Amino acid sequence: MKKQPDRLFAQPLAQVPDFAFNEDVVRVFPDMIKRSVPGYPTIVENIGVLAGQFAQPHSVLYDLGSSLGAVTQALRRHVQVEDCRVIAVDNSSAMVERCREYLHAQDSMFQELLPVEVLEADILGLEFQPTSLVALNFTLQFIQPEQRLELLTRIRQALLPGGALILSEKLRFEDVEQHQLLGDLHIAFKRANGYSELEIAQKRSAIEKVMLPDSLEQHRERLLAAGFSKVVPWFQCLNFASLIALP
Ligand SMILES: C[S@@+](CC[C@H](N)C(=O)[O-])C[C@H]1O[C@@H](n2cnc3c(N)ncnc32)[C@H](O)[C@@H]1O
Ligand SMILES: O=C(O)C(=O)C[C@]1(C(=O)O)C=C[C@@H](O)C=C1
């Protein structure tokens with residue numbers, strides 16, 4: 001389980017393939033996401049804290065698009081509620097395999113953690129159980145735009161009264177200047193974290209067709225259309241934000 005630095009895009013590639021959550025990405029993912037997403041450690045830790053306020057006894061907490069289970073681990077660090085369990089779901093077999101290893105390691109270090117199940121599955125086909133907390137931490141942006149409303153509607157229907165969805169995403173901005181400024185500052189963030197111009201450019205072309213960010217207004221409207229009653233942004237750093245959506 002050695003963590004490696006992300007050098008995936010450091011050498012010039014004749015053709016940059018579309019970004020996929022494969023074994024190469026899994027090997028460097030903790031380093032990649034921390035150096036690419038401003039505020040990521042703060043968001044992950046505080047999802048645990050927020051979950052502590054919404055989690056209800058005898059219910060399920062979902063971590064959808066769990067990758068290596070960073071959010072699942074935060075949920076298990078912060079939530080102490082009777083008969084609660086976490087279901088982490090990801091459709092990348094490489095992610096799921098490594099996630100299970102990390103969670104076993106967490107189990108061996110701490111006692112009385114919430115039980116957890118890691119499913120290798122497509123969240124678009126998942127039958128949700130009654131849930132008090134759903135986390136979509138930088139996952140919705142990888143779902144085809146025309147499938148996002150239906151997914152959020154099914155999550156809303158599974159949410160118990162008093163529960164919440166926590167949705168974190170990279171944002172697009174409708175104001176052209178704001179979009180440009182925060183995009184440039186995000187590039188400065190990547191540079192400050194040691195990425196070269198080549199790495200930044202090649203990563204950008206790898207994700208441009210597979211990761212399609214929406215604006216805050218689009219998220220709000222879609223969440224309301226899915227049946228949520230209130231949308232409250234709780235964190236933003238540059239062009240990355242996290243929202244609480246209440247049923
Ligand atoms: C940016 S990563 C999420 C990061 C993670 N939530 C965290 O906080 O560290 C997006 C994840 O969503 C997963 N994913 C994308 N589409 C999915 C789908 N339809 N069903 C399940 N997982 C999906 C990917 O395999 C990837 O692991
Ligand atoms: O926007 C970018 O440049 C990113 O690298 C973002 C992002 C993400 O938000 O998930 C894309 C792929 C990796 O999962 C890590 C970070």
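I began with ligand 2 and found one of its oxygen atoms 2.8 Å from an N or O atom in the side chain of Lys 170. The model is a predicted one, and I read every distance here with that in mind.

**Ligand 2.** I looked up which residues come nearest to ligand 2. There are 15 residues around it, and the nearest are Gln 141, Lys 170, His 186, Lys 190 and Lys 203. I then checked polar pairs for some of these. The side chain of Gln 141 places an N or O atom 3.0 Å from an oxygen atom of the ligand. For Lys 190, a polar side-chain atom lies 2.6 Å from an oxygen atom of ligand 2. I also looked up the cover: of the 370 Å² of accessible area that ligand 2 has on its own, the protein covers 97%.

**Ligand 1.** I repeated the search for ligand 1 and got 20 surrounding residues. The closest are Tyr 40, Gly 65, Ser 67, Asp 90 and Asp 122. An oxygen atom of ligand 1 has a polar side-chain atom of Asp 90 at 2.6 Å. On the nitrogen side, I noted an N or O atom in the side chain of Asp 122 at 2.9 Å from a nitrogen atom of the ligand. Ile 123 uses its backbone: a polar atom there is 2.9 Å from a nitrogen atom of ligand 1. The protein covers 95% of the 600 Å² of accessible area that ligand 1 has on its own.

**Record.** I checked UniProt, where an unreviewed entry places the feature "domain: Methyltransferase" at residues 63–163. In the model, that span is 40% helix and 25% strand, and its end C-alpha atoms lie 14 Å apart.

Most residues other than glycine have a negative phi, so I looked up two exceptions. Ser 67 sits in the loop between strand E1 (60–64) and H3. Is Ser 67 buried or exposed? Its relative accessible area is 12%, so Ser 67 counts as buried, the limit being under 20%. Leu 238 is the other case, with a positive phi of about 55°. I placed Leu 238 in the loop between strand E7 (230–237) and strand E8 (240–246).

**Helix H4.** I took the helix at residues 93–109 next; H4 has 17 residues. From first C-alpha to last it reaches 25 Å, close to the 24 Å expected. Which residues of H4 are buried? They are Ala 94, Met 95, Val 96, Arg 98, Cys 99, Tyr 102, Leu 103 and Gln 106. I looked up what covers them, and the cover includes helix H1 (23–36), helix H3 (70–78), strand E2 (85–90) and strand E3 (116–120).

**Val 116.** I followed strand E3 to Val 116, which belongs to it. Beyond four places in sequence, Val 116 touches Thr 72, Arg 76, Val 86 and Leu 103. Leu 103 is one of the buried residues of H4. Val 116 itself is partly exposed, since its relative accessibility is 26%. I also checked Val 60, which is 56 residues away along the chain, and found the C-alpha atoms of the pair separated by 9.7 Å.

Conventions
Residues numbered from 1 in each chain as written. Chains lettered and ligands numbered in written order. Predicted model: local features only at pLDDT ≥ 70, side-chain atom pairs only at ≥ 80, totals over all residues. Heavy atoms only, no water. Helix = DSSP H or I, 4+ residues; strand = E, 2+ residues; numbered from the N terminus. Expected span 1.5 Å × (residues − 1). Buried < 20%, exposed > 50% of the residue type's maximum accessible area, 1.4 Å probe, protein only. Contact = heavy atoms within 4.5 Å. Near = heavy atom within 4 Å. Polar contact = N/O pair within 3.5 Å; in protein donor to acceptor, adjacent residues only side chain to side chain. Areas by Shrake-Rupley, 256 points an atom, 1.4 Å probe, with all protein chains shown as cover. UniProt positions renumbered as here; feature names shortened; annotations may be inferred.
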